[in-house]
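Open the model in your viewer and keep the selection tool at hand. This tour goes stop by stop, telling you what to select and what is there.

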Amino acid sequence: MQKTNPTLFYSEGEAPGAPGLKGSRCSGCGRTVLLQVAACPQCGQRDLEQVCIGQRATLGESAEVFHSADGFEAPYFIGTIQTAEGPATFAPIAAAPGTALRAGMPLRFTLLERPDGRVGFAYAPTEQSA
Amino acid sequence: MKGYEVYVRGVGYHPFGRFPETSLKQLAATAALGALDDAGLRIGDMHAAFCANAYAGLLNNQESVRGETWLRGIGLGGIPVVNIENACASGSSAVHLACMAIASGNYETVLVVGAEKMFVGDTGRTLAALANSADTEVMGNIGLQFSAVDAIRVREMMAEEDVGAEAFEWVTMKNHSHAVSNPIAQYRKPISMEQVRASRMIADPIRLLMCSAISDGAAALVLSRTPGRGGVRVRASALASSPWRLGPDTLAGPTIAANKAYEQAGLGPEDLHLAEVHDAVSPAELMHYRELGLCGHGEVASFVAERASALGGRLPVNTSGGLNSRGHPVGATGVAQLIELALQLRGDAGERQVEGARVAMAHNSGGWVGEDPAVSAVHILEKTQ
């Protein structure tokens, strides 16, 4: 299985708790950050555990996009998400066109089969939108 | 700014727009020669050159030694040439390095050239190049275009400020009206709020006419320890990378750069007479008002209602037309902002002249990393004569 963003997310079985985003947890201060980093941005410690994060997240602001890109057929949604562990990032939001998304909605990580045969990811609302 | 004083000695440009018959070398050379002529100097008087470009590798098949290729044709040889890539802030990053070079005392007079050729007959290829100005491991392949990044950031502002479509249409109309008398500008026709509203949605709430366009163009400055016309001095040159947002008090990248610049200059936003800000989409200009301290948090709507940022207002913003109307040939943008400030401070801005302008700011951001622009640059210029 080829992934669209191999350094950004785990698929099933690749790490405890996968699928989810790739993160690093500092053994010194306990800070968790997105991606596998070489040194903790908070305390400088270089002993970091590679962890799977972001199985659950909260939606920040989002926008409906009306110009296709990266194989995403417009209209589609993209937004900022904040993982339960703290790190925030941009992510595709798996919601039907015209859905009334709102900041604060709970989301779950989901793998997404892409038109080119690769596997990507998105965040799906876990509750009915307004 | 510490060290020797740095003055804007000359400005030059190639107009921004679509120039299919003009090469990147020709664009850059036109701007460089214009700046030399304006300064009354020759290329042989330059001690170094700093050249900004973002996408020539992807779009023009010139990955390396861009500046050396641009300037050889105007007689440059033997002096140091430094090539700078910092996404949409490449131009201001080049100016920053040039200022540091002069302030340090190691160089006395330098040439800064920013140039970009984005019309290559394939808009998709150009948009794909622009998308590279982010951490592609994180932001690639997820359908994220910069218009969507800006749409989300504008929505974050909308959650805290009482602004919406009408304010966004107004700021777009304002910047188009400013660009009418700017000979550099790509779009020099006024547009109405109705026209903005009727243009198609790109990424809600960003409409087509709110977006800066693909552009070819170049801009150049001669910076020197010796004053030029008007004695326009660089009072601050600040650069900030994307901060790690480790706590609730982390400042936005543009705010970090602005605070550094205010500190260097010993001035505050209340001392400014005009500003050029990075309106890659026009509603982002409103966001930058508060990020740069031009108005307080919660005051964006009243700042707009007062028309404070229009020509004739108390703090005109983007008198050049901004990225939205002047155009956004990426490597040239940050340099072009400083040309506008220098012309205003010299009293050479013609119909768009801000009367009595003595202190002016430029803010230029580029790319995206983490939760902020990858780079934010702020310069403050002052008229000393």
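**Stop 1: helix α4 of chain B**

Select residues 90-103 of chain B, which form helix α4 in this predicted model. Of its 14 residues, 12 are buried, so α4(B) is largely enclosed by the rest of the structure. Buried here means under 20% relative accessible area. Colour the buried residues: S90(B), G91(B), S92(B), S93(B), A94(B), V95(B), H96(B), A98(B), C99(B), A101(B), I102(B) and A103(B).

Now check the length. Then step past the end of the helix. α4(B) is followed by G105(B), whose phi is positive, near 90°.

**Stop 2: helix α8 of chain B**

Select residues 165-179 of chain B, helix α8. This helix has 15 residues and reaches 21 Å from its first C-alpha to its last, close to the 21 Å expected. Is it enclosed or open? Of the 15 residues of α8(B), 11 are buried, so the helix is largely enclosed by the rest of the structure. Among them are F168(B), W170(B), H176(B) and H178(B). The list also includes E169(B) and K174(B).

What do these buried residues pack against? Show α7, α9 (193-198), α11 (284-291), α12 (300-305) and α13 (322-326) of chain B, and you have their packing partners.

**Stop 3**

- Select R42(B) and D45(B). Their side chains meet in a salt bridge, 3.7 Å from N to O. R42(B) is exposed, with a relative accessible area of 58%. D45(B) is partly exposed, at 25%.
- Select R155(B) and D204(B). Their side chains form a salt bridge at 3.3 Å, N to O. R155(B) lies in helix α7 (residues 146-158) and D204(B) in the loop between β5 (201-203) and β6 (206-207) of chain B, so the pair ties together parts that are 49 residues apart in sequence. R155(B) is partly exposed, with a relative accessible area of 22%. D204(B) also counts as partly exposed, at 24%.
- Select R229(B) and D348(B). Here the salt bridge is 2.5 Å, N to O. The pair links distant parts of the chain, 119 residues apart. R229(B) is in the loop between β7 (216-224) and β8 (232-241), and D348(B) is in the loop between α14 (330-346) and β10 (359-366), both of chain B. Both residues are partly exposed: R229(B) at 48% and D348(B) at 28%.

Next, select E5(B), R233(B), R235(B) and E382(B) together. Salt bridges that share partners join these four into one network.

**Stop 4: where the chains meet**

Show both chains. Chain A and chain B bury about 2500 Å² between them, 61% of it on carbon and sulfur atoms. How many salt bridges run between chain A and chain B? The count is zero. Polar contacts do cross over: 16 residue pairs are in polar contact between chain A and chain B.

Look at the chain A side. β3 (32-34), β5 (56-65), β6 (76-83) and β7 (88-93) of chain A each supply at least two residues of the side that touches chain B. That side divides into 18 nonpolar, 10 polar and six charged residues. In total, the contact takes 34 residues from chain A and 29 residues from chain B.

**Stop 5**

Most residues other than glycine have a negative phi, and most peptide bonds are trans. The next selections depart from that.

Go to P19(A), in the loop between β1 (9-10) and β2 (20-26) of chain A. The peptide bond from A18(A) to P19(A) is cis, with omega near 10°. Move on to P75(A), in the loop between β5 and β6 of chain A. The bond from A74(A) to P75(A) is cis too, with omega near 0°.

D70(A) is also found in the loop between β5 and β6 of chain A. Its phi is positive, near 55°. D70(A) counts as partly exposed, at 37% relative accessibility.

Finish at R307(B), in the loop between α12 and α13 of chain B. R307(B) has a positive phi of about 60° although it is not a glycine. R307(B) is partly exposed, with a relative accessible area of 35%.

Methods
Residues are numbered from 1 along each chain as its sequence is written. Chains are lettered from A and ligands numbered from 1 in the order in which they are written. This is a predicted model: local features need pLDDT of at least 70, side-chain atom pairs count only at pLDDT 80 or more; totals for chains, interfaces and linings use all residues. Side-chain values use heavy atoms; hydrogens and water are left out. Helices (H or I, at least four residues) and strands (E, at least two) are DSSP runs, numbered from the N terminus. The expected span of a helix is 1.5 Å times one less than its number of residues. Buried means under 20% relative accessible area, exposed over 50%, partly exposed in between (1.4 Å probe, protein chains only). Contact means heavy atoms within 4.5 Å. Buried area is the accessible area (1.4 Å probe) that two parts lose on being put together, summed over both. A polar contact is a pair of N or O atoms within 3.5 Å; within protein, one must be able to donate a hydrogen and the other to accept it, and residues adjacent in sequence count only if both atoms are side-chain atoms. Ala, Val, Leu, Ile, Met, Phe, Trp, Tyr, Cys and Pro count as nonpolar, Asp, Glu, Lys and Arg as charged, and the others, Gly among them, as polar.
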